[in-house]
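Please look at the sequence and the fold shown below, and keep both in view while reading the report that follows.

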Amino acid sequence: MLKNCNDIFKEFELPFETYFSKCIEHGLDVHEEMELIWLIRGSATLTCDGKEFTLTDQTIFMIYMNRVHSLSTSVESLLISYRFKKEHLIKNNLLFENIPFSHRIYTFQELSHKYHQVPLLISQILKLLIAPNTSPIVRYKIIGYYNLFLYELYNMLLKEKYLDVKKRNYDPFLIRVNTLVDYIHAHAQEKISLETLAKLANISTYRLSHFISESLGVSFSEFLQNTRFEYALKSLKETNLSIQEVSTSSGFSDVKYLNKMLQDKFQMTALKYRKIKNHQSIKKNQPFLTTDFIDELNLCLKMIEDDQNFIDTYGLNQNINED
């Protein structure tokens with residue numbers, strides 16, 4: 001599905017792909033990834049495994065892996081498609097293919113009453129994706145929300161309230177993700193200990209290490225290095241600090257570590273990176289994110305959140321609005 005379209009947020013390197021589309025016509029297709037289609041406006045005819053489905057405003061359809069499908073929408077349609085990267089699902093032991101599944105249409109009204117975490121998290125992820133602030137901190141929050149979204153979706157399909165391997169109170173889970181990501185981002189240039197973070201999150205250091213790995217998909221040390229690296233890249237592009245000063249101000253103990261990360265990711269030194277990126281402005285590829293489209297999405301999000309079932313379940317509005 002959407003094989004000729006571009007992943008709008010590709011540069012974020014997220015564990016899923018996002019496609020925003022207007023009137024589209026896609027013939028038969030099949031792929032290994034699961035795909036969730038959210039029709040915001042208009043109507044669409046979707047054929048999956050030879051069965052035809054008609055989607056209307058604010059309906060969701062999930063296509064399982066390796067299913068033959070096609071999609072045709074009305075002229076005025078707007079839709080969002082999320083495609084879940086298979087390697088991320090495997091890494092998190094989310095074996096959706098082992099769950100019996102029948103394709104059908106879900107409405108937001110239905111989901112709001114039965115599994116309100118799923119549509120709520122979809123809207124929260126979308127809020128972060130279209131937010132003006134595209135700093136690295138947003139990327140890690142999106143990953144944290146997405147991981148919880150997958151577990152909730154998995155739960156929904158299992159028709160269970162909790163996964164046996166992931167029993168937790170979800171309200172503090174997402175608030176804790178925000179707290180940790182915000183703190184590490186603000187203090188990345190300093191020496192941060194697991195003890196400090198554990199006290200901040202009100203959990204043990206042992207549990208903290210597992211929590212960061214589960215929610216963000218990387219270890220604490222890797223997350224901290226990535227945050228410092230992103231800060232260094234920003235300094236290389238936007239300041240006249242020497243390479244040594246950039247390295248030190250970003251929290252690296254030695255400039256060689258910064259250069260190693262640049263070599264691994266871009267195959268170049270810090271100096272060469274600065275020369276190439278000097279005076280360049282890297283912007284997201286958002287061919288459909290016009291003012292009208294963003295206004296449409298914001299109206300859609302407001303409608304969802306006005307539903308009494310969605311009233312700030314996770315206490316996240318302040319976190320998102322203040323990014």
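In strand S7, Thr 73 is the bridge partner of Ala 44. The strands named here, like the helices, are runs assigned by DSSP and numbered from the N terminus, where a helix (H or I) has at least four residues and a strand (E) at least two. The model is a predicted one, in which local features need pLDDT of at least 70 and side-chain atom pairs count only at pLDDT 80 or more, while totals for chains, interfaces and linings use all residues. Residues are numbered from 1 along each chain as its sequence is written, and side-chain values use heavy atoms, with hydrogens and water left out.

The bridge of Ala 44 belongs to the antiparallel pairing of strand S4 (residues 44–48) with S7, which extends over five bridges; two strands count as paired if DSSP finds at least two bridges between them. Strand S2 (residues 25–29) also pairs with S7 in the antiparallel sense, over three bridges, and there His 26 has Leu 71 in S7 as its bridge partner. Strand S7 itself (residues 69–73) is mostly covered, since four of its five residues are buried, where buried means under 20% relative accessible area, exposed means over 50%, and partly exposed lies in between (1.4 Å probe, protein chains only).

Five strands form an open sheet with antiparallel pairing, in the order S1-S8-S3-S6-S9. Strand S1 (16–21) and strand S9 (105–107) stand at its edges with a single partner strand each, so one side of each has no neighbour in the sheet. On average, neighbouring strands of this sheet are turned by 20 degrees against each other, direction ignored; the axes are lines fitted to C-alpha atoms, for helices over the stretch in contact, and angles run from 0 to 180 degrees between N-to-C directions.

| Strands | Bridges | Residue pair |
|---|---|---|
| S3 (residues 34–41) and S8 (residues 78–84) | seven bridges | Ile 37 and Ser 81 |
| S3 and S6 (residues 59–63) | five bridges | Trp 38 and Ile 60 |
| S6 and S9 | three bridges | Ile 60 and Tyr 106 |

Strand S3 is mostly covered, as seven of its eight residues are buried.

Turning to the helices, H6 (residues 194–201) and H7 (residues 205–216) pack at an angle of about 85 degrees, with their axes 9 Å apart. This angle makes H6 roughly perpendicular to H7, given that angles under 35 degrees count as roughly parallel, over 145 as roughly antiparallel, 65 to 115 as roughly perpendicular and the rest as oblique. Leu 194, Glu 195, Leu 197 and Ala 198 in H6 meet Thr 205, Leu 208 and Ser 209 in H7, contact being defined as heavy atoms within 4.5 Å.

For the protein as a whole, the secondary structure comes to 13 helices and nine strands, and 50% of the 323 residues count as buried. Of the contacts with a separation of 6 or more, 74% are between residues 24 or more positions apart.
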